[in-house]
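My notes follow in the order I looked things up.

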Amino acid sequence: MMDWYQKNIYQMKGTQKMDLQALRFFQAVAKAGSISKAARELNYAQSNLTARIKQLEADLQTQLLYRHNRGTTLTDKGELLLSYTEKIFELINEARTAMLEDHIPNGPLLIGSMESTAAVRLPKLLSSFHQHYPDVDLSVKTGPTEQHVIDVLDYKLDGAFVAGPIDHPELTYANVIEEELVLVTDTLEEPMESVTELENRTILVFRRGCSYRARLEAWLHHEGIIPEKIMEFGTLDGIIGCVSAGLGVTLLPKSVVENHMNNKLIKIHSIPKKFGKVNTVFIYRNHGYMPMSLQKFIEMVSLEVYV
């Protein structure tokens with residue numbers, strides 16, 4: 001940790017120390033887009049922020065902000081310093097958490113999950129974790145795999161259930177389950193004789209970054225098919241409801257739609273094995289301090305048996 005800090009902070013050109021408060025002011029201005037707005041949010045005088053940021057620019061011998069009548073915009077060096085600043089404060093938060101933590105897992109734990117996994121796979125796990133560790137403030141954020149990977153790397157999530165495989169030098173993952181993907185249609189749909197029938201159907205999907213959408217698009221591209229229309233949805237229930245109403249078709253894990261099949265709301269159709277299997281994995285950062293709450297969560301994920 002100190003090697004990184006020394007390399008990127010103490011050896012910065014033109015300075016032998018870094019003013020943490022000035023960095024907080026700079027971070028606030030960068031996120032707010034204006035010095036006046038940041039000053040109001042921090043409850044500081046605008047002149048105070050202006051002076052400290054000018055001093056920071058003087059210390060680093062570089063311009064960090066472009067000032068204009070609409071507020072401020074980061075320079076290239078400002079963008080670079082902001083990325084370091086966020087890492088610095090994350091390390092400080094990690095250190096504070098490590099000093100305060102005892103042998104009983106506690107504090108916040110923010111987990112990401114694909115919508116389908118949260119609906120089908122997580123309820124039992126989350127209930128069990130809460131029973132064992134009631135002092136942990138566990139929150140779950142649903143969204144697509146691509147965004148969850150970014151958020152874990154950016155310290156916005158402690159870990160996430162995503163579609164694998166995930167190959168990144170800063171991430172480790174634990175296998176959760178292999179899912180079978182199926183094409184989902186309304187109950188009036190006859191068995192498909194050819195995949196070319198999808199050319200005349202509307203495709204219902206989550207927003208870009210969803211692994212199931214990517215798998216569906218890869219399958220259609222492989223078959224040389226351009227769907228008539230693509231509609232994006234924000235929830236799993238919205239997609240299934242619209243499929244059952246005959247609006248279009250989608251691709252989802254079989255485990256997610258089994259209850260709806262039993263209620264005779266939808267039908268499923270097999271797809272080629274090359275595109276019909278996907279692994280769900282739990283990813284987390286492989287460097288830095290790991291809070292005990294996350295350690296215990298990973299242990300429970302590894303021991304959980306999914307059927």
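Helices (H or I, at least four residues) and strands (E, at least two) are DSSP runs, numbered from the N terminus. On that basis I find 13 helices and 11 strands in the protein chain. This is a predicted model: local features need pLDDT of at least 70, side-chain atom pairs count only at pLDDT 80 or more, and totals for chains, interfaces and linings use all residues. Residues are numbered from 1 along each chain as its sequence is written, and side-chain values use heavy atoms, with hydrogens and water left out.

**Whole chain.** I looked up burial next. Buried means under 20% relative accessible area, exposed over 50%, and partly exposed in between (1.4 Å probe, protein chains only). The protein chain has 307 residues, and 44% of them count as buried. Then I checked contacts, meaning heavy atoms within 4.5 Å. Taking contacts between residues at least 6 apart in sequence, I see that 75% join residues at least 24 apart.

**H2 against H3.** At what angle do helix H2 and helix H3 pack? I read about 120° between H2 (residues 20-32) and H3 (residues 35-42), with the axes 8 Å apart. Axes here are lines fitted to C-alpha atoms, for helices over the stretch in contact, and angles run from 0 to 180 degrees between N-to-C directions. H2 and H3 are therefore oblique to each other. On the H2 side I list Phe25, Ala28, Val29 and Ala32. They meet Ile35, Lys37, Ala38, Glu41 and Leu42 of H3. The residues of this contact divide into 7 nonpolar, no polar and 2 charged. For those classes, Ala, Val, Leu, Ile, Met, Phe, Trp, Tyr, Cys and Pro count as nonpolar, Asp, Glu, Lys and Arg as charged, and the others, Gly among them, as polar.

**Asn43.** I moved on to the loop between H3 and H4, where Asn43 sits. Asn43 is not a glycine, yet its phi is positive, about 60°. I note it as exposed because its relative accessibility is 72%.

Is Glu57 buried or exposed? Glu57 belongs to helix H4 (residues 46-60). It counts as buried, at 11% relative accessibility. Leaving out residues up to four places away in sequence, I find Glu57 touching Thr62, Gln63, Leu64, Leu65 and Arg67. Gln61 lies in the loop between H4 and strand E1 (65-68). Its phi is near 55°, again positive in a residue other than glycine. At 54% relative accessibility, Gln61 counts as exposed.

**Pro165.** I checked for a cis peptide bond and found one joining Gly164 and Pro165, with omega about 0°. Pro165 is in the loop between strand E5 (159-163) and E6.

**Glu197.** The loop between strand E6 (171-186) and strand E7 (202-206) holds Glu197. I log Glu197 as partly exposed, at 28% relative accessibility.

**H10.** Which residues of helix H10 (residues 236-244) are buried? I find Leu236, Gly238, Ile239, Ile240 and Val243. Just after H10, Gly246 takes a positive phi of about 90°.

Key
Angles under 35 degrees count as roughly parallel, over 145 as roughly antiparallel, 65 to 115 as roughly perpendicular and the rest as oblique.
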